[in-house]
Amino acid sequence: MKPDSSSVLNSRSRPRQHHSGGLGTPDWPAFSSHPLSALSLLGSQEDYRSEESEEFGPVFIQEPDDVIFPLDSDEKKVVMHCEARGNPPPTYSWYVNRTEVDAEADYRYGFIDGNFIITNASEITDYGRYQCKAENSFGTVLSRDALLQFAYLRTFSGKTRGGVSVREGQGVVLMCAPPPHSPEIIYSWVFNEFPSFVAEDSRRFISQETGNLYISKVQPSDVGSYICLVKNTATNARVLSPPTPLTLKTDGVMGEYEPKIEVHFPTSVLAAKGVTVRLECFALGNPVPTITWRKINGNIPKKARLRKSQAVLEIPNIQLEDSGTYECKAENPRGGTAFKGHLQVYTLPQWVRMINDTQMDSGEKLQWECKATGRPRPTYRWLRNGLPLTSQGRVEILNGEVTIHKVQQADSGMYQCVAENKYGAIYSNAELKILASAPVFVHNPVRVIATLGKDVSLECKPRASPKPRITWKRGDRRIQLSRRIMLLRNNTLRIVNSSRADEGNYVCRAENQLGSAEMTAVLWVKDAMRVELSPSRVEVTVGESVVLSCKATHDTSLDVAFQWFFNQRPINFQQDGVHFEYIQTQSSTVDLMIRSILLKHAGKYGCRAQTSADTVLAEAELLVRGPPGPPGVVIVEEISDTTATLSWSRGLDNHSPISTYNLQARSPFSLGWQTVKTDPDPVTGDMESAMAVELNPWVEYEFRVVASNAIGTGDPSAPSRGVRTKEAVPSVAPANVSGGNGRRHELVISWEPVSEEFQNGEGFGYIVAFRANGTRGWKEKMVTSADSTTYKYRDETFPPLTPFEVKVGVYNNKGDGPFSRVVIIHSAEGEPREAPTDVKAQSISSSEIRVTWKPPNPGPGRPRGYEVLINYFVVIDLVGLKKSCLKVLLNLDPERRILSSAPAHPPSNLMWIQEGNNVSLSWDPVKAKDNESDVIGYMVLLKQEGRGHNQVTRTINPSTMLSLPEGGTYIIEVRALSEGGEGAVSSQVRLVTSSGVRAKSNQCSVHRLPQSLTWTALLLVLLVPSASW
């Protein structure tokens, strides 16, 4: 199609919806229009007809979709949907299997608007492909095909199925033989009775292709009755087959045999792009075969998954690259077998280029092209008003291209390009309008205001078809063209360097064979407008404010409008109201207030003044002084053990010279970024290189640079790449060297480890040096672990508490570092050689005694505590208490100790849950009195009546779990424990279990002692002896 320079009713295109599959169709706009310039004709020509009043051919809003209708549905009506819009409104008809439906021929048919309704639908008469036709006076379009199919699931034959008898170890296939059904069904198998389903594993497999149950190796547990259950995917209806008995033969066991693949995917598998493909492969064999998969000449897609013990290869969202030959292999120790099949992925056609609504003048050439992709490659056919369009006469069709020479009114109508392969078809629709009308001017007359000394254009764009002949007149005289007055190719009259003499009426006449029309343009020439923006250049500092004033001098008969720009973009005063304010001071003067200025506000500000005759733009520059911008990329030029030479590029100084640079570093050991010392110091603003000094060796650093000026400090540069300083001899010695304790004849030396930050290189370790006080030679020992904190030296020859001079040094692969200062550390102590003397005991109260003694003479060690052994008799009228010995180790002051008693209060509120042979026991915690030792745990006694064996359990919690042997009567008692000994015993818990019978695990009972049965024995003695348990 060629463009038209003189007619508004020229060739025009607009997009129209296209349809395929179940896609909806969007609205489409009115035919495109050509508005005239606001400076040449004030006001634009409107569309000839609006969207609402325009007449156009049918456009599908809803097309029929595939329907699966359940035959057993309570709703007996099938509805095939179709809706289109158009002006005038479309009428509808339907086709079934390419035959038009006669609604009067079958009482079951009905129509509501475009929808086709079938009552009492049946598969025999109504199955097939349905297509909707929508038409009005502008043309006809056909919808895509929609398939109507019916969902049903018949019952299995009631005939008794014969039994299957095999040897143990033999493979077997149980046939499902499903009843008639539509569409697909899902298979499962029931074992013996519903709902006991057969579980699939490496030995058992249910094929969703055949429905059969495959058992690779029959076991005795497989003997039973098998029922095939099928489920309709559309209706969820289920039916069960008659049972198939499976028995074992008694004439022996099947020996081992090699695998035999019984079910596999087809040799050729076709799948639509984007679906999930499932390939099945299962074999019989003894032992049970192992299934493996591979793709010939390629790799199995990573997204693929193996299901059902590798019997199913599942590939989701299959793509073209997943095509290829796949092999499954079944193997066991007796051999192996394999099967290969080819997977081919197809795609439905998809549009690459579609056709659009077009309107043309008579005699022009129409060229449309539609193009689609798909596998197999799509073919194309064309329809005009629902009928096939072929090459003949003025029409040429080549695949997806159609050409119509010298279009005529008869060529108007609805066109459809159909791209299809054997898997589907898609439609692209467009309307062709051949225009025929006498010239019409929408606006007449029009007023044109020009600026003195500038060019002006008078447009002439009537609506007309065929294209009209254009002539211009001024008054009654035809305009004489010259270098100053020109007629452009689009019939626009252009006047160069306009003057007041050019004012007046200009008439454009348009004429074709259908009629003529005239349009008058009234031209006024006005003085040019002048705009002054002040100040034209201003410098401010971040945070300050400024006002720009814009004044326009113009013809007072014209109104003026202002608009502010920032860097050639209009200022949005609603969004940027925090910083920008528009102030109208006079009718011809406006101000721009810029508050709290930021660096980003620097740039060019424009004030545009506009009248109906002229537009003038004045600009001013705003410079914002602020802290410097971030320096450029930081590069580490050279690195040593303690220095790094850095370079960078200058950033923006933001109109204030950079005074200094600050170098910062970050390492794994620093708390964020830290300022480093530099050479030179300071780093002045004219420098772009400096050296960071006093770094730690063998540490990985990142560096950045920050610039400062008189206004402030700017943002930092981006970090450099991480670099590691070189190795060096360690320079930091271990701190807090100390020691002591340990075993006899041991010297224990400890220190704080040196942080990795100061190890200065690889191979870091410690040198431990020591010598007996007063000797000359140092013994040195190497400790190779950098994390070590202790060294132990043992020598049987030196006596206890021998003083040593000790120092600890450091080393790494580069050499030895410094030692710590020398400290005195004593070797380990010896055992006390004398016992305390003058031991005395004195009664303090009814619950306390005081024991005193004299410490022994100092020996090879300093006494740290005493062990008090107390033998005593208690005469109490209670059964079960006997003479006992309490041994307590007290870490107490050597001069005097007071011993506290065991808890006098027994555990109370015993509760227990008996579940089978297990007993869960709990009680309230015992709290020690002021004169009693703290409770450190509990002792639970479990004893069986009539037997001497007792079971003792210790726990730190007020609960425990006990396990009862089989049968008998059991007694449980609980005591609290402390350093003062064993406390009072609780009430007894008596449990009875049936003799010789273990309690069932599902039996559970909860018990609790009555509060009235609890008792407490209060012994007014300090040290209660433990009962003999």
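Start by selecting Cys 82: at a relative accessible area of 2%, Cys 82 is buried. Buried here means under 20% relative accessible area, with over 50% called exposed and anything in between partly exposed (1.4 Å probe, protein chains only).

Before moving on, know what is on screen. This is a predicted model, where local features need pLDDT of at least 70, side-chain atom pairs count only at pLDDT 80 or more, and totals for chains, interfaces and linings use all residues. Residues are numbered from 1 along each chain as its sequence is written, and side-chain values use heavy atoms, with hydrogens and water left out.

**Stop 1: the disulfides**

A disulfide joins the two, S to S 2.1 Å. A disulfide is a covalent bond between the sulfur atoms of two cysteines. The cut-off used here is a pair of cysteine sulfur atoms within 2.5 Å.

Which hand does this link have? The torsion about the S-S bond of Cys 82 and Cys 132 is about -75°, so the disulfide is left-handed. Cys 82 lies in the loop between β5 (77-80) and β6 (83-87), while Cys 132 lies in strand β11 (residues 128-136), so the pair ties together parts that are 50 residues apart in sequence. Strands (E, at least two residues) and helices (H or I, at least four) are DSSP runs, numbered from the N terminus. Cys 132 is buried, because its relative accessibility is 0%.

Next, select Cys 176 and Cys 228. Their disulfide has an S to S distance of 2.0 Å. This link is left-handed, with -75° about the S-S bond. Cys 176 sits in the loop between β15 (172-174) and β16 (181-182), and Cys 228 in strand β20 (residues 224-232), so parts 52 residues apart in sequence are tied together. Both Cys 176 and Cys 228 are buried.

Then go to Cys 281 and Cys 328. Their sulfur atoms are 1.9 Å apart and form a disulfide. With 65° about the S-S bond, the link of Cys 281 and Cys 328 is right-handed. The pair links distant parts of the chain: Cys 281 is in strand β25 and Cys 328 in strand β29 (residues 324-332), 47 residues apart. Are these cysteines buried or exposed? Cys 281 is buried, at a relative accessible area of 0%. Cys 328 is buried too, at 0%.

How many disulfides does the structure hold? It holds six. Number the bonded cysteines of the chain in sequence order, and the pairing reads 1-2, 3-4, 5-6, 7-8, 9-10, 11-12.

**Stop 2: the aromatic rings**

The structure holds 27 aromatic pairs. Rings of Phe, Tyr and Trp (its six-membered ring) pair if their centres lie within 6.5 Å; planes under 30 degrees apart count as stacked, over 60 as edge-to-face and the rest as tilted.

Select Phe 205 and Phe 282. The ring centres of Phe 205 and Phe 282 are 5.2 Å apart and the planes are at 20°, so the pair is stacked. Phe 205 belongs to strand β18 (residues 204-206) and Phe 282 to strand β25 (residues 277-286), so the pair ties together parts that are 77 residues apart in sequence. Phe 205 counts as buried at 1% relative accessibility, and Phe 282 counts as buried at 3%.

Jump to Trp 751 and Tyr 766. Their ring centres are 5.3 Å apart and their planes at 50°, so this pair is tilted. Trp 751 is in strand β69 (residues 746-752) and Tyr 766 in strand β70 (residues 765-772), 15 residues apart. Trp 751 counts as buried at 4% relative accessibility, and Tyr 766 counts as buried at 0%.

Now select Trp 94, Tyr 109, Phe 111, Phe 116 and Tyr 130 together. These residues form one aromatic cluster.

**Stop 3: charges over rings**

Select Phe 138 and Lys 433. Lys 433 lies over the face of Phe 138, at 5.0 Å from the ring centre. The rule: NZ of Lys or CZ of Arg is within 6 Å of the ring centre and within 35 degrees of the ring normal. Then pick Trp 778 and Lys 807. The charged end of Lys 807 sits over the ring of Trp 778, 4.5 Å from its centre.

**Stop 4: an open sheet**

Finish at β42, β47 and β46. In that order, these three strands form an open sheet with antiparallel pairing. Two strands pair if DSSP finds at least two bridges between them. The edge strands, β42 (456-458) and β46 (485-487), each pair on one side only. Zoom in on β46 and strand β47 (residues 493-495): they pair in the antiparallel sense over three bridges. Which residue in β47 is the bridge partner of Leu 487? Leu 493 is.
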